[in-house]
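Here are some notes for a colleague who is opening this structure and would like a few places to start looking.

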Number of protein chains: 2
Amino acid sequence: MEGGDGPYSYTQNSEYQKQSLDSAKQLTNELIDQHLDVGNHPYSLSNSYRVADFGCSVGPNTFCAVHNIIEAVENKYKSQKMESRTPEFHVFFNDHVGNDFNTLFRNIPATGRYFAAGVPGSFHGRLLPSSTLHFAHCSTALHWLSKIPKEVTDKNSPAWNKGRIHYAGAAKGVKDAYSTQFAKDFDSFLSARAQELVPGGLMVLVSLGFPDGVQVCESSMGENFNILGSCFLDIAKTGIITQEMVDSFNLPFYYPWPSELKSLIDVNGLFEIKKIEKLVAPTRQVKPDLAVCVLHLRAILGELIKKHFGEGITDILFKRHTKKYVESPIVSDGRYFKETSYFVFLKRKMNCAS
Amino acid sequence: MEGGDGPYSYTQNSEYQKQSLDSAKQLTNELIDQHLDVGNHPYSLSNSYRVADFGCSVGPNTFCAVHNIIEAVENKYKSQKMESRTPEFHVFFNDHVGNDFNTLFRNIPATGRYFAAGVPGSFHGRLLPSSTLHFAHCSTALHWLSKIPKEVTDKNSPAWNKGRIHYAGAAKGVKDAYSTQFAKDFDSFLSARAQELVPGGLMVLVSLGFPDGVQVCESSMGENFNILGSCFLDIAKTGIITQEMVDSFNLPFYYPWPSELKSLIDVNGLFEIKKIEKLVAPTRQVKPDLAVCVLHLRAILGELIKKHFGEGITDILFKRHTKKYVESPIVSDGRYFKETSYFVFLKRKMNCAS
């Protein structure tokens, strides 16, 4: 991270993340206070409270999130004058098996406040035994789809996404296919967590998305994906990659509306919704460092691109992308929407089959 | 691993490990059948059975051990006609934070037979919440001391281990210091596990050691450490390292007698000893591949040596060691003892303070 307080510093440019985090922290604290049944762990007489972060990456955000949850649970015990019955905390850090758990483990703060474990595997499936988890957390990870919907790469489908790498700006069929895949994945996620959580267990989701009705192509992110898509097409024209390779490449990200989240949680039926709220927007907007934005995009997409196109094209691609990006209106035009974080607080229903 | 059935093949040269493993498997199966209280998990109503392997490394031995334990527990449920109540298994793989958990996680067999988690940290301390573990396993890891006892590197102590790198063949005070450190470490291990295990929980230890009364200097391993020590002294004479560096370097390994283990478990007082038994020795002895033996030693000691002496000397050291090793009597002389594996089966006492 860039130090100091200059225009490129992390201090100046992480306002958005920091405010989101603070805002989520405050909400989590309030809602744990309202909805946690202290001293009532019917599924564990051993007095340990199990917290899992799904899609944790390597830190430090996961440690902040876990710290906030533990603090809120401890506060509830204190406020109920049950401090002596405060449980021991067992924290499960989950991410894909390809995540760098070695780095994650080295980064775990040595506070002794909890026992830590790493859990490798996809959060679209089961990762923990039934009814053993008390609190599930998942922040800015649910937009990753488990796979690209088939129709999108099927030449004979009306949802074939020829010449594009995302549903942003694509035909309606493409967005529908993405949206259907997200619905399946989110339902799998909810059902797996419902089995793992004790009845009455709590869950916080922070989901990247856009306000109801806003299309991803109206956002700076959607426009950025379109610029990147056009760079792939440019490179295909030079013969380094084929048009077919571009047609069959799609980014596995879906950004749901809050109304979609609500409706999918209702259909799943295993959780009560206690809160869905937009996290506060930053109070000051600093002009983004373009190089950092491009590096950030490359960090996220680099592996996906290498896997599909091979090692060769990443440098050429991002050189071309940077050139187009700095000239695009999204850098200066305030009309483009930015993705928003939605905070969702759920409680596992007490009496329902999972 | 070397394939086929030739003189250097793994098939021919892993008889010892394989027979130890088979022998431990059979004992574990019998003793779980005798001592597991099925359907009686007072500390978990969620019907999950938690197994931890302490000092797991990256596999595959840890997966075999865990597989054997799970199979034995399942068999017990079957034999009691309680198959429908067979619990879900949650397996915790523990090793130091420096262990390569990324490799471990990639190696976990995709059987779906258990939920897996990695637990980074020293097994001399607490790693899991109180009374949450049902079965603890630790194989060929307890001989690693948590640290070198101070006296051994103290010039003013009668236990100063000048010119040697291990207690093998050293003054009695040196062995006593190692033995005292092992007693402390083993007691910490037992006390931590006693807190983590549910009352009545089970534990298998496989400990490297020697028969009662046999000194490590009478063994091929002890003699090998002495050869290595003499190589360090040779290099010190060339001026590449100092004599002080050799004097302050000691290998953190202690090989207890079975009578020592028994006595330390009794003093700790938190476990009932159900069995201490020597694991079967190999039925056929294939002349060891010297290059493999040296590589094996280098693999185990390389990091310790680099940490103390820096990157430079490992190549020189092991070239010199190989030369002395092939000329030493331990390669051909059958009078040298080999280290032995002892199998220990313990049950956490039901009613005692931890």
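1. Axes, in what follows, are lines fitted to C-alpha atoms, for helices over the stretch in contact, and the angles run from 0 to 180 degrees between N-to-C directions. Please keep in mind throughout that this is a predicted model.

2. In chain B, helix H9 (residues 290-309) packs with H10(B) at an angle of about 145 degrees, their axes being 11 Å apart, and H9(B) passes H10(B) in a right-handed crossing. On the H9(B) side the contact includes B:Leu290, B:Cys293, B:Val294 and B:Leu297, and on the H10(B) side the residues include B:Thr314, B:Asp315 and B:Val326. Sorted by type, the residues of this contact between H9(B) and H10(B) comprise nine nonpolar, three polar and three charged.

3. Helix H6 (residues 220-238) of chain B also packs with helix H10 (residues 314-327) of chain B, here at about 130 degrees and with the axes 9 Å apart, which means that H6(B) is oblique to H10(B). The crossing of H6(B) past H10(B) is right-handed. Among the residues of H6(B) that take part are B:Asn224, B:Ile227 and B:Phe232, and they belong to a contact in which H10(B) contributes residues including B:Ile316, B:Arg320 and B:Lys324.

4. Turning to the two chains, the contact draws 30 residues from chain A and 30 residues from chain B, and the area buried between chain A and chain B is about 2300 Å², with carbon and sulfur atoms giving 62% of that area.

5. Two salt bridges are found across the interface of chain A and chain B. A salt bridge joins the side chains of A:Glu88 and B:Arg126, at 3.2 Å from N to O.

Definitions and conventions:
Residues are numbered from 1 along each chain as its sequence is written. Chains are lettered from A and ligands numbered from 1 in the order in which they are written. This is a predicted model: local features need pLDDT of at least 70, side-chain atom pairs count only at pLDDT 80 or more; totals for chains, interfaces and linings use all residues. Side-chain values use heavy atoms; hydrogens and water are left out. Helices (H or I, at least four residues) and strands (E, at least two) are DSSP runs, numbered from the N terminus. Angles under 35 degrees count as roughly parallel, over 145 as roughly antiparallel, 65 to 115 as roughly perpendicular and the rest as oblique. A crossing is left-handed if the near helix is turned anticlockwise from the far one by less than a right angle, and right-handed if clockwise. Contact means heavy atoms within 4.5 Å. Buried area is the accessible area (1.4 Å probe) that two parts lose on being put together, summed over both. A salt bridge is a side-chain nitrogen of Lys or Arg within 4 Å of a carboxyl oxygen of Asp or Glu. Ala, Val, Leu, Ile, Met, Phe, Trp, Tyr, Cys and Pro count as nonpolar, Asp, Glu, Lys and Arg as charged, and the others, Gly among them, as polar.
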